[in-house]
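Here is a brief report on a structure and its chain contacts.

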2 protein chains.
Amino acid sequence: MDLHRREFAALVLGAAAGLSAAGPAGAQTDPLPSWNDGPSKDAILRFVLATTDASSRDFVPPEERIATFDQDGTLWVEHPIYTQVVYCFDRVPTVVKAKPELAGVEPFKTVLSGDREAIAKLSLDDLLKIVGATLSGMDVDAYRDEVLAWIGGARDPRWKRPYTDLTYLPQIELLKYLRGNGYKTYIVTGGGQDFVRTYAERVYGIPPEQVVGSAGGLSYGYAADGRPVLVKEPKLLLNDNNAGKAENIHLMIGRRPYFAFGNSTGDRQMCEYTKAGHGTRLAMLVLHDDDKREYAYGPAQGLPDTRVGTFTRELYDEAEKDGWIVVSMKDDWKRIFAFD
Amino acid sequence: MDLHRREFAALVLGAAAGLSAAGPAGAQTDPLPSWNDGPSKDAILRFVLATTDASSRDFVPPEERIATFDQDGTLWVEHPIYTQVVYCFDRVPTVVKAKPELAGVEPFKTVLSGDREAIAKLSLDDLLKIVGATLSGMDVDAYRDEVLAWIGGARDPRWKRPYTDLTYLPQIELLKYLRGNGYKTYIVTGGGQDFVRTYAERVYGIPPEQVVGSAGGLSYGYAADGRPVLVKEPKLLLNDNNAGKAENIHLMIGRRPYFAFGNSTGDRQMCEYTKAGHGTRLAMLVLHDDDKREYAYGPAQGLPDTRVGTFTRELYDEAEKDGWIVVSMKDDWKRIFAFD
């Protein structure tokens, strides 16, 4: 840490609510200990200082401090396939039990076959069919209980741990650091908002009302006992990907973020929209370039394309041109998981 | 105020953040000075005490304290017609200037005629056509500026005051009282959320992200200079009335409210959904029964029906049966407006 960085850190830490000098006189607690020193960490510290120091030209009033984070691949592992898709696959036998005629129909037939190669080749349309079938007709409370039970028991096959353990420690630190400086942190995910809301408060400290995601329609009605229920419908209401992220930020939050963090082409418009506001705004993208500790993928690095978390060369170029920070998982993150 | 009420008030005030005993020893500041003593005020104080006293059986953790308020007729005057509709009517000449062919087409022709009786007879479909035409094609920032300019200059014909002066003082006190006790206050309105968000923070202390309302679709694109813009589309995405209120509370907040306040059949499902949760929940409806200080309308009182803020006999009966509190504007509100 050079002198310049030290000054920043001291100023930022001094300003942060609830943080104070710890240890011997002069020593400061690093708010981002899992981030290596370097331009990425520097950019975060500079941004927070510029927007929270009352004497700064770019000071942002607390009520306008909005930070938005993609989830899959940005806050937790998305490879080899999105966690929510695993949930849907796991639900297929139950769905088919209730509707036996689906057993012979694609894409259910393929999922039931257990043929990993064939499953990996399912189209997005196929996945949406499965998502629709596995949740529709349930009331929102039953769905929540179902997801909570699943997420408590399911294990990632590589790390043999609950999926919620596969959150990135540097990002958890960053979320806390931003909140400590008055930022309201939001998840803006292509995943289902009802899915993510079941664990976001416990795992990320982000309450349900700060989770923006894809969402199906709901239908208000009454159960047999007269109790009102909200039933999940198979039609898509909000597609929170690409342009949908910027649109839904306006719909659900109504303010333009000052800070946005993503990892794929699905986050492009969110980053553009964030950066296009006046004053100091920061957009960041994490590049999955660590095949040892996590995964390495994407054409930006000359690696094969993948349908899960595509990071194209064009996105890389736009980030560079527009001053977004590309974070290298390999170089910028000292530790990736809390269990490391 | 009887002894029982006094105890309540003392306990509630003692627990409320930022509130303390004022004046001579033993005297307490009334958090709701514009409410007359009586069962309605009592119900509010009891509810807040039951849900915020840590030793209460019905204690609600702070993060779950959600209170939702309808706007038109609940937080401000809705008669003779919704303020947003006045805004749309005022915009019609500008719209017709840009598209002269609309001058001869209904319902624009009627609005341009200035014939009040004919305008009052326009159907909901007509109104939606006007709403659609007056906002679509604008980017959200331009729309915001336009509404802000209008709301700063427009005057209600009866009181000759800005519409934002026509907010009910008892409700402003109630919003503050709930927030002082850890409740997050939301507006859940049939009105347009982009419209209400322009002034809700200044007028009600409710930030844009806590305004849920009807909303049109948005389309992300780029202006001629390459700047990203969100353009308002003429299609309705969220209809935040009736069942839509309960559905959108789930969509936008993701938690069931503990407290809901409305004034018409459009708030029925919001109240039902709120009351159907476990523990102590409170639903309230204000009855417009004060033809001197405000307006008196609705079949619940044997008065003529109105398309603006319908309060039917059936709603009244359901409220009574399900334990919702019907607030009499005439009897329960000591003062209606801050300017009184």
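## Polar pairs and salt bridges

Across the interface of chain A and chain B, 26 residue pairs are in polar contact, both residues at pLDDT 80 or more. A polar contact is a pair of N or O atoms within 3.5 Å; within protein, one must be able to donate a hydrogen and the other to accept it, and residues adjacent in sequence count only if both atoms are side-chain atoms. The rule also finds eight salt bridges across this interface. A salt bridge is a side-chain nitrogen of Lys or Arg within 4 Å of a carboxyl oxygen of Asp or Glu. B:R256 forms a salt bridge with A:D141, with the closest N and O atoms 3.5 Å apart.

## Basis of the model

This is a predicted model: local features need pLDDT of at least 70, side-chain atom pairs count only at pLDDT 80 or more, and totals for chains, interfaces and linings use all residues. Residues are numbered from 1 along each chain as its sequence is written, chains are lettered from A and ligands numbered from 1 in the order in which they are written, and side-chain values use heavy atoms, leaving out hydrogens and water.

## Interface area and make-up

Chain A and chain B bury about 3100 Å² between them, 55% of it on carbon and sulfur atoms. Buried area is the accessible area (1.4 Å probe) that two parts lose on being put together, summed over both. A:E209, A:Y220 and A:L251 supply 21% of the area that chain A buries against chain B, more than any other three residues.

The contact (heavy atoms within 4.5 Å) takes 37 residues from chain A and 37 residues from chain B.

## Symmetry

A rotation of 180° with 0.0 Å of shift along its axis superposes chain A on chain B, at RMSD 0.0 Å. That is the relation of a two-fold axis. Of the residues of chain A, A:M252 comes closest to the rotation axis, at 3.1 Å (C-alpha). The same surface serves both copies: 100% of the contact residues of chain A recur in chain B.

## A buried glutamine

B:Q171 lies in helix α8 (residues 169-180) of chain B. Helices (H or I, at least four residues) and strands (E, at least two) are DSSP runs, numbered from the N terminus. B:Q171 is buried, with a relative accessible area of 0%. Buried means under 20% relative accessible area, exposed over 50%, partly exposed in between (1.4 Å probe, protein chains only). The side chain of B:Q171 reaches the backbone oxygen of B:T74 at 3.0 Å.

Technical notes
Copies are superposed by least squares on the C-alpha atoms of residues with pLDDT of at least 70 in both.
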